Amino acid sequence: MLSDDEVARALENLPGWDGDGRAISRTWTLKGFNGAMQLANVVAFVANRANHHPDISIHDYKQVTVTSTTHDENATTEHDLALARRLNEVLDA
């Protein structure tokens, strides 16, 4: 489990993400519903490979929000930050 301060420091190097010791999240806005669905599927693929499964929300037909927390800890851990780093690598390339 990471403190709010530890998470805040880590998020300084994770563009687009914010959160606290409980969970981290990022929202992407796409051009339409198909793009949002494709992005959600990429998130699901990357998360499954990492064996760390965030909440994925598709809303306003073109926005995807990913919220990651380590459920066993009920807190943000290095697993969440590692997933965020990997998603940024894949999706912001």
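Helices (H or I, at least four residues) and strands (E, at least two) are DSSP runs numbered from the N terminus, and contact means heavy atoms within 4.5 Å. I then turned to H3, which packs on the sheet and touches E2 and E4, its direction making about 20° with that of E2.

**Basis.** I note that this is a predicted model, in which local features need pLDDT of at least 70 and side-chain atom pairs count only at pLDDT 80 or more, while totals for chains, interfaces and linings use all residues. Residues are numbered from 1 along each chain as its sequence is written, and side-chain values use heavy atoms, with hydrogens and water left out.

**H2 against H3.** I checked the axes of helix H2 (residues 33-50) and helix H3 (residues 78-91), which come within 10 Å and cross at roughly 135°. That makes H2 oblique to H3, since angles under 35 degrees count as roughly parallel, over 145 as roughly antiparallel, 65 to 115 as roughly perpendicular and the rest as oblique. On the H2 side I listed Leu 39, Val 42, Val 43, Val 46, Ala 47 and Ala 50 as making the contact, and on the H3 side Leu 83, Arg 86, Leu 87, Val 90 and Leu 91.

**The sheet.** I read the strand order of the open, four-stranded sheet as E1-E2-E4-E3, with antiparallel pairing; two strands pair if DSSP finds at least two bridges between them. Strand E1 (18-19) and strand E3 (55-59) stand at the edges with a single partner strand each, so one side of each is left without a neighbour in the sheet. E1 is joined to strand E2 (residues 24-29) by two bridges, the two running antiparallel.

**Asp 18.** I found Asp 18 in strand E1, with Ser 25 as its bridge partner in E2. Leaving aside neighbours within four places in sequence, I found Asp 18 in contact with Leu 11, Ala 23, Ile 24 and Ser 25. The C-alpha atoms of Asp 18 and Ala 8, ten residues apart along the chain, are separated by 7.8 Å.

**Aromatic rings.** I counted one aromatic pair, taking rings of Phe, Tyr and Trp (its six-membered ring) to pair if their centres lie within 6.5 Å, with planes under 30 degrees apart counted as stacked, over 60 as edge-to-face and the rest as tilted. The rings of Trp 17 and Trp 28 have centres 6.0 Å apart and planes at 85°, so the pair is edge-to-face.

Conventions:
Axes fitted to C-alpha atoms, helices over the stretch in contact; angles between N-to-C directions.
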